[in-house]
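User: I would like to go through this model and check each label against its cut-off. Please start with the surface.

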Amino acid sequence: MRTALAFLIGREPDLEVSSASWQRAADLSRSLRPHVCVVDMDSPEAGGPRGLRELSGHGYGHGDGSGLGAGAGDGPGHGSGDVRGEGAGGAALLALASAGRPGPLRRAYEEKALGYLSKNASPDRLVEGIRHVAKGERFIDEALGFGFLEAAEIPLTRRELSVLSLAAEGASVGEIARSLHLSNGTVRNYMAAITRKTGARNRVDAIRISRGAGWV
């Protein structure tokens, strides 16, 4: 999907596109210094150690107009083109997200993404979003409106989400405690709060509910 969208966007005369998986994205962003990075927020790697946070600090806009990126599917993409970006210091982020998964929308917002587009949108709509974001303009797909309302109501704190993410990966209480520099009792308290806040029956049910909403 990423390759197909990159091909379609690359047919635009003023956009130059390069695509990459999450594993290569940050390194490619350093070398190409794009104006815009289009990222797939539904990818598990979006919240990983080489995910959105690392990527958002590695791109740099250019005053001469070089640096537009686009990609989709299982990772972000980068490139250069003739549309001038107005931001400085890092590539502007355009997040591709699903309306029914508020968690990825929340993560994109916390990393200050400038654009938000439904993954069901047409390629023409994606090109429109890229152009807006390249000019430093916020772009939000109306199809994601209700998703944003749900994202604002995520009941878990960042620390609770960190604990739950590790639990979802199969980490034990002791492993979570060591990873986050907490006591075992504190981790158990967090898990109890997570279970209560999500309305789950137990830890496994809390993970199921949170994965369905895209929180972890």
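**Labels and their cut-offs**

Analyst: The protein chain exposes about 10,300 Å², and carbon and sulfur atoms supply 51% of that area. Areas come from the Shrake-Rupley method with a 1.4 Å probe. This is a predicted model: local features need pLDDT of at least 70, side-chain atom pairs count only at pLDDT 80 or more, and totals for chains, interfaces and linings use all residues. Residues are numbered from 1 along each chain as its sequence is written, and side-chain values use heavy atoms, with hydrogens and water left out.

User: What makes strand 2 mostly covered?

Analyst: Five of the five residues in strand 2 (residues 36-40) are buried. Buried means under 20% relative accessible area. V36, V38 and D40 point one way, C37 and V39 the other way, and all are buried.

User: Why do side chains in a strand point both ways?

Analyst: In a regular strand they alternate between the two faces of the sheet.

User: How do you know that strand 2 and strand 4 pair?

Analyst: Pairing requires at least two DSSP bridges between the strands. Strand 2 and strand 4 (residues 92-97) have five, in the parallel sense. In strand 4, A95 is the bridge partner of V39.

User: Why is helix 1 called roughly perpendicular to helix 5?

Analyst: Helix 1 (residues 2-10) and helix 5 (residues 123-134) pack at about 70°, with axes 10 Å apart. Roughly perpendicular covers 65 to 115 degrees, so helix 1 gets that label against helix 5.

User: Which residues of helix 1 and helix 5 meet?

Analyst: L5, L8 and I9 in helix 1 meet P123, L126, V127 and I130 in helix 5.

Technical notes. Buried < 20%, exposed > 50% of the residue type's maximum accessible area, 1.4 Å probe, protein only. Helix = DSSP H or I, 4+ residues; strand = E, 2+ residues; numbered from the N terminus. Axes fitted to C-alpha atoms, helices over the stretch in contact; angles between N-to-C directions. Parallel < 35°, antiparallel > 145°, perpendicular 65-115°, else oblique. Contact = heavy atoms within 4.5 Å.
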